[in-house]
Amino acid sequence: MDSLGHLKQLVALSETGNFRKAGQKLGISHSAVSQTIKRLETEYGAELFDRTRYDGSRNETVPTALGERVISAARIAINEMEAASRDVQMMRDLEAGQLLIGADPTVSESLLAPAMARLINSHPNWRFKVVLCPRNEWERYLTERQIDIYIGLRPDRETEEFRYRQLELIPPAIMCSASHPLAGKGPIRIEELQQYSVIGGDVPDWFLWGIMEAYPDTFPDIGTLRDTFLTSQGLGLLRQLLLLTNAIATLPEFIVRSEVNEGSVIKLDVINWPYANRTIPGVAVWLNQRPIPPAAHQLMSNVQMVLQRAVANFRRDIEQ
């Protein structure tokens, strides 16, 4: 653990740029941090930090090129050890520990909230942290042990580094405000939607390929289609834009369920929309060489129960 403490001092100094602040962050003296860095530099035979006076008023301590490489490895080692500690604790005592969950924003509320609620009620001593992951970042979060498991839309590719459990998710709906010019119209052509701003969450390429296949004359390539959308990870922002503008939204219905029920938001019937009557693929993902914690097994069981009910209701609505 002494070596782990040294690595934490190294990372803290890189983040604060100051020996005193690094010591305060870790609850130790600045001289202890200084001694650790000197000892590490002696072991490597090179400077890990450049102690240069930049603005004439204070010393700014910044990593050298070698220091950046060592710090990167130190972060991975720290995350690995902390993840191992969580794993051991949760495997030794099924009523304690912490689970770090990465989530696509589009599934965090509708799927994770009810699944986690059951766990929190049945295991009050378990601790959970949910990290909303950008589409292109969740693999790195898993690799660096920043999360234990990821739940979201199926990626465009799968790698041997991870294990994947397939999920069946409810597709987003196409919606507009009740005051929108298209509200109340019958089936709408895709060309009519193009007259307005289109907003939605960031999605994998396979989702966009499905739209291109449905409207090949409208969207000749995936770049053109991506440029059509204003995307954001902030679903709250997209909700406000839907309510306050004439934008067309491609969003999970749960975000505006109360507005749909009261009639201030309308679901649109778009001709040949590829995701109107079918579910879309999702995944739960974890590292292939790492045992999944018991809490994650229980979470996945609850997620499957929530999805079974949601998919059954979705299919029933289609048939009506």
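**Stop one: the largest pocket**

Start with the largest pocket, which has a volume of about 1200 Å³. Keep in mind along the way that this is a predicted model. Select Ile170, Pro171, Pro172, Ala173 and Glu253: of the 46 residues that line this pocket, these lie nearest its centre.

Next, colour the elements that give two or more residues to this lining: α5 (105-122), β7 (173-177), α8 (205-214), β9 (229-231), β10 (248-251), α11 (257-262) and α12 (294-319). Which of them gives the most to the lining of the largest pocket? Pick α12, which supplies eight residues. Now switch to colouring by residue class, and the lining of the largest pocket splits into 29 nonpolar, nine polar and eight charged residues.

**Stop two: the second largest pocket**

Move on to the second largest pocket, with about 200 Å³ of space. Its lining has 13 residues, and the ones to click on are Arg135, Asn136, Trp138, Pro155 and Asp156, the closest to its centre. Show α6 (138-143) and β5 (149-153) too, as these are the elements that give two or more residues to this lining. By class, you'll find five nonpolar, one polar and seven charged residues lining the second largest pocket.

**Stop three: a helix crossing**

Finally, select helix α2 (residues 19-26) and helix α3 (residues 30-44), whose axes come within 7 Å and cross at roughly 110°. So α2 is roughly perpendicular to α3. To see the contact, show side chains for Phe19, Arg20, Ala22 and Gly23 on α2, then His30, Val33, Ser34 and Ile37 on α3. Four of these contact residues are nonpolar, three are polar and one is charged.

Definitions and conventions. Residues numbered from 1 in each chain as written. Predicted model: local features only at pLDDT ≥ 70, side-chain atom pairs only at ≥ 80, totals over all residues. Heavy atoms only, no water. 1 Å grid on protein atoms, 1.4 Å probe; cavity = no way out; pocket = protein on both sides within 12 Å on 5 of 7 lines; lining within 4 Å. Points joined across faces, edges and corners; volume = space filled by probe spheres on them. Helix = DSSP H or I, 4+ residues; strand = E, 2+ residues; numbered from the N terminus. Nonpolar A, V, L, I, M, F, W, Y, C, P; charged D, E, K, R; others polar. Axes fitted to C-alpha atoms, helices over the stretch in contact; angles between N-to-C directions. Parallel < 35°, antiparallel > 145°, perpendicular 65-115°, else oblique. Contact = heavy atoms within 4.5 Å.
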